[in-house]
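Have a go at each task before reading its solution.

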Amino acid sequence: MLRRELLMAHTSDTNPTIIYDFDPRNLPPDFLRALGLVSAASAQTEDTLQHLIGGLAGVDLVETIAITAQMSAALKGQVARALAELGAPYINELDILDDLLDSVANALERRNALLHSAFCRHPDTGEVLTCKQKARGAVRVSLTPITAADIEADAVAIYEAGMAIISFMVSRGIGQKDRIKPLYQPVDRTKRAREGRKADSNRNVNRRPLDEEL
């Protein structure tokens, strides 16, 4: 309700009676498709950062997941830069990778701007607008017209930024190691389970391989 009142105040000089439709279910199908593409492309690009970290660290895919699964995209970018600096023999290689990581960071910032903004439609024209809200020293609410083509272009840029990282890795032979160590069945590591195992006289119980049936 506050958002609607702010928007009416924002447009009071021109048309104070406009009540924008903020129900996302009423967005045109091409907008919903474009926003879904942004989300999917972003997930793919974040995944490339994960693979880059694993390749630079010289670990396998499972270890990469263990290290990076809880990292934000921004943290993955910073970790990748740090690992690259440890092993890169040439400064120009770092410059190339930094440019690629800058592109990824900029693309994901655009992702955030899209997916963390509210969308609304003009009740008369059906025009779609993004609603941005800021409160840094003062409250500011702005409406900006946007098209599905604009959003799809951002999705393509996000995807291509990630694929550029993959191309860099392939051209430099950067990749994750094959898994050699066996994978084991998950262990119940809750405090209650640990206490139960402490009471067990046979403490050194072998773990079951993951492919072994329980």
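**Exercise 1: the buried side of a helix**

Glu93, Leu94, Leu97, Leu100, Leu101, Val104, Ala107, Leu108, Arg111 and Leu114 are the buried residues of α5; buried means under 20% relative accessible area with a 1.4 Å probe, protein chains only. Helices here are DSSP runs of H or I with at least four residues, and strands are E runs of at least two, numbered from the N terminus. A quick word on the source: this is a predicted model, where local features need pLDDT of at least 70, side-chain atom pairs count only at pLDDT 80 or more, and totals for chains, interfaces and linings use all residues. Residues are numbered from 1 along each chain as its sequence is written, and side-chain values use heavy atoms, leaving out hydrogens and water.

Task: find which elements the buried residues of α5 pack against.

Step 1. Look for contacts, meaning heavy atoms within 4.5 Å.

**Exercise 2: checking the helix span**

Task: what should α5 (residues 91-115) span?

Step 1. Take 1.5 Å times one less than the number of residues.
Step 2. For 25 residues that gives 36 Å, and the end C-alpha atoms are 36 Å apart, so the two agree.

**Exercise 3: the strands**

Task: how many bridges join β2 to β3 (residues 139-145)?

Step 1. Strands pair if DSSP finds at least two bridges between them.
Step 2. β2 and β3 run antiparallel, joined by 7 bridges, with Leu129 opposite Pro145 in β3.
Step 3. In their 3-residue hairpin turn, Gly137 has a positive phi of about 90°.

Definitions and conventions
Buried < 20%, exposed > 50% of the residue type's maximum accessible area, 1.4 Å probe, protein only.
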